[in-house]
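Reader: I have a model open and would like to learn how to read it. Where do we begin?

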Amino acid sequence: MEKLNDEAQWIVLMGFMVAAAFFFLALVINQSTLVGQTTAESVLEFPKEDIRDVKSEVAAVVATASISDAEKEKLWKDIEALYIARKNAVVDIEKTGGSATHTEVKIHFNNGVTTYDETAYY
Amino acid sequence: MVDDSAQLYTIEGFAAAFIILATAYLISGTMSIYTPGDSHITDMQLEQIGNDVLAVMDTPTTQGGESELVGYLKDWNTDGFNERFSNLLNNRTSGKDTLKYDASVSYRSDTDTVQNAPFFSSQTRTNYEQAVRVTRLVTIPESTDLSSHLPEFEKRDQVVLLEVLIWRS
Amino acid sequence: MSLRDDDSALLSIDFLAGFTVFLLAFIIAASMVPGMLASLQSSTVDHDAVAYRTGVILAEDPGWWFDEVTMTGHTHWEGERTALDSIKRMGLAISKDTPGILSMGKVERFFNKIEYNANPKFYSSRLFFSDYPYTFNISLKEVGSDTPLSIGSPVPKDTTDYGSIRRMVMVKEVGPAIKDSSSFHSSDNTIGAKTFAIRLNFSEILSKPLAYRVDPYEDRIEVRLENLNHYNDNANVILEDLSLFRGPSKIPTNRLKDTRYSILKVGDETKNPEDQPSIADNITLILKPGFFTYEIVKPSETVDIKFTFNKTEPTTDWTYLNDTYDYASTPSPLTPAVLEVAIW
């Protein structure tokens with residue numbers, strides 16, 4: 001049996017080093033993709049404007065004295081139906097109480113990614 | 001004694017390592033990586049300005065007043081809407097933008113189904129645009145009669161959903 | 001075999017030389033790595049994200065003022081002229097509950113080129129909250145106007161060189177309350193000083209919805225009295241005193257005499273109330289945004305701004321303005337404006 005050839009160990013060592021460097025680099029590039037996704041995409045994914053829109057619409061309707069309570073129920077049904085049909089989000093608006101000075105409304109929002117619940121007093 | 005038999009191999013190793021590193025450095029320097037996140041940035045910007053414009057148009061400018069958006073919808077004033085929406089959407093602090101849009105109205109009809117009807121389009125869509133969709137709920141008063149534009153329209157106080165597709169042309 | 005020739009147990013010189021070269025190469029390679037990554041990083045991702053965040057702070061946040069000594073904080077940062085460190089965040093919205101509606105007082109304070117040029121680092125630290133030295137350009141233009149407000153460096157020509165966001169907002173501005181003096185009561189024909197008061201009932205003023213009210217803590221309050229010459233005795237009239245009162249007691253503040261906080265104009269010329277200026281046909285008093293603080297007036301209180309008029313020789317009977325004007329103004333209709341943030 002021949003003796004193990006131990007020449008050119010430096011080349012092998014350098015080879016390892018470069019391989020390790022590339023591995024490290026690939027790892028970092030992979031991470032940068034992830035960063036790009038979380039900053040821009042999470043902004044898109046988070047339904048901030050939708051929730052605000054529902055809230056402001058509910059507030060405006062509650063403040064309109066000319067609309068009776070029964071009609072307001074219909075408007076809540078409008079919002080719920082429009083959101084489930086057009087935006088794939090479950091919205092549930094329910095008047096839970098109130099007095100002469102204020103109205104208590106429960107708003108539930110769920111689009112599969114984000115869930116939002118609020119008890120609002122208008 | 002010092003064995004100097006493999007000196008050439010060592011030098012060759014250095015040279016090889018240097019060439020590999022230099023090549024990698026050059027390649028990575030000229031290469032720009034288009035991450036999936038980049039494509040979402042334009043979407044994010046469009047969605048933001050679209051939502052902002054709708055919110056601005058839906059905010060009454062004086063207390064107790066009616067918002068512009070309600071006015072355009074209840075009168076089905078597509079020209080007025082187009083003029084105002086295009087102006088706000090493309091307004092910049094210097095110069096103009098070139099955004100196009102396609103607006104439609106969704107509503108709950110008298111048969112309790114959600115229907116969608118076109119409102120105004122500033123450019124015919126080819127369906128290949130990279131468009132984003134923004135929406136705004138609008139309450140229109142009972143006196144509104146849009147049955148000539150919206151099939152199975154029920155005349156009552158109601159909330160409709162204005163949907164706008166926005167893209168850069 | 002001599003002792004010298006036997007090198008089997010020595011740390012070989014080969015190894016030492018080799019390892020030194022290896023270490024040098026390793027150090028060089030390691031120091032190259034950050035440089036390689038710099039060209040790899042997709043910089044627009046970061047800049048666009050920072051631009052988005054800054055846009056949100058400017059358009060949807062009312063900002064924050066906090067005093068470490070008294071441990072009190074509020075959102076009316078625009079009135080701070082001296083202790084800039086108390087300004088923690090420069091948001092332009094009128095309140096957290098009304099995103100996208102900006103206060104003109106904050107806008108004017110923010111887009112102040114003199115203040116910006118005096119301390120650009122301060123703007124960076126209160127907008128980006130980062131050690132990275134971002135360069136930026138922020139501009140705001142009311143729709144229909146041709147004169148944008150802007151601060152920062154000029155925007156690069158190539159759009160790929162910077163991250164940006166464009167926001168559409170509304171601006172709330174309070175115009176002057178213009179009053180004809182003949183619509184007020186006059187004094188009887190007596191000798192001596194006559195007083196006129198502008199009454200600010202804070203709880204009443206603040207009871208309206210956020211977007212449609214004049215907020216005395218945050219908005220400019222401007223009252224213009226016109227047609228003072230309709231009094232027959234309009235000659236030799238001077239403004240003897242101008243002070244702030246809570247009920248009968250005077251509030252000790254010199255803000256009415258400090259042009260950083262308020263401006264008194266007589267016949268459209270700026271005057272110092274301490275000089276007891278003589279009165280022309282009209283008087284304008286401007287309280288700049290941030291004139292009132294919670295230390296001066298609580299939101300439940302009522303204050304009077306009292307003008308004391310007198311004759312230069314107070315010996316004769318005369319008739320002059322002698323009334324209280326209950327300040328009630330509504331903001332001008334909200335105007336849409338476009339806000340652009342560019343960061344690189």
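Reader: Which residue forms a salt bridge with A:Asp78?

Author: First, a caution: this is a predicted model. The partner of A:Asp78 is B:Arg108, and their closest N and O atoms are 2.6 Å apart. Between chain A and chain B the count is four salt bridges. Polar contacts are listed separately: 13 residue pairs across this interface, both residues at pLDDT 80 or more.

Reader: Which elements give two or more residues to the side of chain A that touches chain B?

Author: They are helices H1 (9-45), H2 (48-63) and H3 (69-86) of chain A. H1(A) gives the most, with 14 residues. Sorted by class, that side of chain A has 19 nonpolar, five polar and 12 charged residues.

Reader: How is the size of an interface often given?

Author: It is often stated as the accessible area lost when the parts come together. Here chain A and chain B bury about 3400 Å² between them, with 65% of it on carbon and sulfur atoms. A:Leu44, A:Leu82 and A:Arg86 supply 20% of the area that chain A buries against chain B, more than any other three residues. The contact takes 36 residues from chain A and 40 residues from chain B.

Reader: Now a strand. Is S9 of chain C mostly covered or mostly uncovered?

Author: S9(C), residues 194-201, is mostly covered, as six of its eight residues are buried.

Reader: In which sense does S9(C) pair with S17 of chain C?

Author: S9(C) and S17(C), residues 324-326, pair in the parallel sense over three bridges; C:Ala197 has C:Thr324 as its bridge partner there. With S16(C), residues 302-311, S9(C) runs antiparallel, joined by eight bridges. In that pairing C:Lys194 stands opposite C:Phe309.

Note on methods:
Residues are numbered from 1 along each chain as its sequence is written. Chains are lettered from A and ligands numbered from 1 in the order in which they are written. This is a predicted model: local features need pLDDT of at least 70, side-chain atom pairs count only at pLDDT 80 or more; totals for chains, interfaces and linings use all residues. Side-chain values use heavy atoms; hydrogens and water are left out. Contact means heavy atoms within 4.5 Å. Buried area is the accessible area (1.4 Å probe) that two parts lose on being put together, summed over both. A salt bridge is a side-chain nitrogen of Lys or Arg within 4 Å of a carboxyl oxygen of Asp or Glu. A polar contact is a pair of N or O atoms within 3.5 Å; within protein, one must be able to donate a hydrogen and the other to accept it, and residues adjacent in sequence count only if both atoms are side-chain atoms. Helices (H or I, at least four residues) and strands (E, at least two) are DSSP runs, numbered from the N terminus. Ala, Val, Leu, Ile, Met, Phe, Trp, Tyr, Cys and Pro count as nonpolar, Asp, Glu, Lys and Arg as charged, and the others, Gly among them, as polar. Buried means under 20% relative accessible area, exposed over 50%, partly exposed in between (1.4 Å probe, protein chains only). Two strands pair if DSSP finds at least two bridges between them.
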